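Welcome! Take a moment to look over the sequence and the structure, and then let us walk through a few places together.

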Amino acid sequence: MERPDSNSPPFDEALRIARDLAQDAGTLVHYPHPGLENARYGRGFAFLQTIRTDSGDRDAYVLVTTTRRVSGVLSMAERTIDEVIAEHLAEAAHENRDIPDSELSTAHRVALEAYDAGLTRIDEMPGRRALDAQRADYAEYVLLVLRRNHNQGDSGRKILAHNDFLLKDPTPGRRYTQPCPHCRRPTFYEERYPRAVCQQCGRRTTDRSGRRVTGFNISMSGGMIAYYADTVEVSDGSGYEECVEVSRTGRCFIDGRPATMQEARFGGIVIQLDSTDQPDQGSPRQAGQHGNSRLRRAFRRLRRQ
């Protein structure tokens, strides 16, 4: 039998976190629960609190575990703290279950083999030949999700256990992936964003001077702001430095090729290669290589006349 989760916080640390989460830390009390505190998966501590409202006091809880740091109200939902803990432990066990081969299709197995081999596509896997076009597309999609959810060396099967939707058969007629317009590696299919680049290329966006930038949503309500990546990645408290040029225009570059950075429709940031797919003379790194770009554009204008 495996040892219980070794990364669960000690009690004093869990209490500090619970106080930060509690609406009224002064009412917080530890709720001893040996099953939770010694669980194989989802190990942690539970706390009870009282939330005072205009309509009376409400019984509430805080859970601090290896997988969750959550709080909620018990009395309004008519639940007990024991029921909350039982639901948490059942979900933690489900997410850490062993998935038998019988639950995996050929597409899943090919994706897992490619993931374990550290590959970004399934083309090199022997099992690829056994897949038709639609199932190969789905296998590429599963591999993309596995790589996106990679966390501290988790096995591919463990990631599948955390994402039950991946174990379903592909939807007939649905397209799952598309080639990145910059590097041609598979990326998630976006009908709304046909020129969206893959995650790897998206991490190389720069401003006109070649300094790397990264985009964020301004708030939950939307908006986009771009920061210089080297100011985001440092942890000395110096603060983020905005790239006003990209924030204002959305214009950026990937390996010198023009692209756009914008807020996605449902949140997040999407980066698309420019639809003209032509080097932009405003990029200094491209100016020397494409000094005759003005002449080419003038020639195209003459042809359209």
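Predicted model: local features only at pLDDT ≥ 70, side-chain atom pairs only at ≥ 80, totals over all residues.

A residue counts as buried under 20% relative accessible area, as exposed over 50%, and as partly exposed in between. You can find Asp24 in the loop that runs between helix H1 (11–21) and strand S1 (29–31).

Which residues does Asp24 touch, not counting those up to four places away in sequence? They are Gln49, Thr50 and Arg52.

Now let us turn to the aromatic rings. The model holds nine aromatic pairs. In one of them, Tyr141 and Tyr176 have ring centres 4.9 Å apart and planes at 50°, so this pair is tilted. The pair links distant parts of the chain, 35 residues apart: Tyr141 belongs to helix H5 (residues 133–148), while Tyr176 lies in the loop between helix H6 (156–162) and strand S5 (177–179).

Are these two tyrosines buried or exposed? Tyr141 has a relative accessible area of 12%, so Tyr141 is buried; Tyr176, with 4%, is buried too. Together with Tyr138 and Phe188, Tyr141 and Tyr176 form one aromatic cluster.

The charged end of Arg174 sits over the ring of Tyr141, 5.6 Å from the ring centre. Elsewhere, Arg211 places its charged end over the ring of Tyr228, 3.8 Å from the centre of that ring.

Key. Residues numbered from 1 in each chain as written. Heavy atoms only, no water. Helix = DSSP H or I, 4+ residues; strand = E, 2+ residues; numbered from the N terminus. Contact = heavy atoms within 4.5 Å. Phe/Tyr/Trp six-rings, centres within 6.5 Å; stacked < 30°, edge-to-face > 60°. Buried < 20%, exposed > 50% of the residue type's maximum accessible area, 1.4 Å probe, protein only. Lys NZ or Arg CZ within 6 Å of the ring centre and 35° of its normal.
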